[in-house]
Amino acid sequence: MAGAKVPVLVGPTAVGKTAVALALAAHWPLEIVSADSRQVYRRLDIGTAKPTRKERARVPHHGLDLVEPGARYSAGHFARDAAGWIADIRARGRLPVVVGGTGLYVRALAEGLFHEPALDPARRRSLDAYTARLEPLELLRWAGRLDPGFRGGGRQRAARAIEVALLTGYPLSHWQEAARAKGAIDPWYVVLTVPRPVLQQRIATRAAEMVRRGLIEEVASVLAEGHAPAAPGLDGIGIREAVEYLHGRRPRESVADAIAVATRQYAKRQQTWFRHQLGGTVLAVDATRPPERLAAEIAEAFARVYP
RNA sequence: GGUGGGGUGACCGAGUGGCUAAUGGUAGCAGACUGUAAAUCUGCCGGGCUUUGCCCUACGUAGGUUCGAAUCCUACCCCCACCA
């Protein structure tokens with residue numbers, strides 16, 4: 001499918017990506033592919049700021065509500081799924097537009113990761129349980145021994161390096177070099193930016209809104225399904241803070257503020273990623289302006305680049 | 001009014017004579033990032049400079065003791081607790 005450019009709208013949370021994507025529907029017959037590692041989880045709608053029912057009715061969305069909160073999803077999984085959706089969208093004669101906040105997911109789709117050999121799920125689970133109990137320092141040392149090419153990065157990345165080395169017999173860095181994958185799309189990046197004070201204001205408003213609209217109740221009901229505290233779907237900003245409150249570890253009135261702080265930090269990391277990690281053509285647009293106006297501008301620029 | 005406790009860098013909070021521009025933590029800033037990524041990590045974080053170092057300013061305020069004070073003494077201001 002490479003060859004045909006795919007518009008990829010990226011930017012920090014709360015910058016207004018969805019609104020712009022929806023406005024783009026006035027210019028193209030399009031379908032949206034959401035590259036968001038949290039919105040793949042079912043039911044956690046408020047906490048992950050999913051597009052509303054109405055918005056989804058206006059334009060078909062892909063990549064939402066894919067798995068149960070207890071299930072593990074991943075960048076590689078996303079890349080495969082998204083390649084399929086995109087092919088289907090094209091077959092329908094429409095334009096796929098990738099919209100995302102999860103940098104790694106976008107990269108997995110646009111550049112490809114590496115062909116990961118099958119990892120035995122049972123061995124993986126028991127290894128996970130084992131490494132979870134080790135100190136970060138031990139994990140790092142172990143990862144370095146198993147994979148001389150290990151580039152560091154903390155507990156989680158060390159655990160990943162250990163897992164790959166042990167379960168495949170070859171170090172992670174080996175696979176990364178020897179089994180490179182190709183991207184599934186040829187991306188045309190549009191980076192939405194907004195001055196920091198504006199973004200922080202939007203984030204604060206959104207955090208308060210989430211609580212007001214029932215975030216805590218939503219999380220409580222998902223919790224009531226009996227997921228493990230460490231369930232993959234429960235590990236997200238907003239959800240975490242709600243869980244802390246529900247477990248009596250945080251006063252209710254501090255929830256919104258804590259969410260805003262964590263979101264701000266996350267938005268910063270996203271901006272760093274989009275500033276340095278994106279390969280390919282990039283159009284930066286100031287998202288302070290109305291979505292319709294941005295959409296027109298983006299559509300026009302795209303037509304110039306890819307008539 | 002009395003007694004006791006306390007006032008430390010944006011915030012919380014260690015530090016009780018030199019090794020202190022001051023441990024930690026938080027917030028903030030910058031960065032990394034190949035299948036958990038809303039994750040996981042790293043660096044910086046009083047100001048200035050001719051930046052392996054130097055100079056200012058700083059631990060409520062004002063004095064004092066000392067070669068040397070955030071640390072000791074005196075007075076004052078403010079906060080908290082209890083007693084009146």
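Tutor: Helix axes here are lines fitted to C-alpha atoms over the stretch in contact, with angles from 0 to 180 degrees between N-to-C directions. The model is predicted, local features needing pLDDT of at least 70 and side-chain atom pairs 80 or more, while totals for chains, interfaces and linings use all residues. Residues count from 1 along each chain as its sequence is written, and chains are lettered from A and ligands numbered from 1 in the order written.

Student: What pLDDT does chain A average?

Tutor: pLDDT is the predictor's confidence per residue, from 0 to 100. In chain A, 99% of the residues score at least 70. The chain A average is 94.

Student: Are α5 and α7 parallel, antiparallel, perpendicular or oblique to each other?

Tutor: Helix α5 spans residues 121-131, and its axis lies 11 Å from that of α7, at an angle of about 140°. Under 35 degrees is roughly parallel, over 145 roughly antiparallel, 65 to 115 roughly perpendicular, and the rest oblique. The two helices are therefore oblique.

Student: Which residues of α7 does α5 meet?

Tutor: Contact requires C-beta atoms, placed from the backbone, within 7 Å. On the α5 side are Arg123, Arg124, Leu127 and Thr131. Their partners in α7 are Ala159, Ile162, Glu163, Leu166 and Leu167.

Student: Which element gives the largest share of the surface near RNA strand B?

Tutor: Elements giving two or more residues are α3 (75-91), α4 (103-110), α7 (155-168) and α12 (255-276). The largest share, 10 residues, comes from α12.

Terms used:
Helices (H or I, at least four residues) and strands (E, at least two) are DSSP runs, numbered from the N terminus. Two residues are in contact if their C-beta atoms, placed from the backbone, lie within 7 Å.
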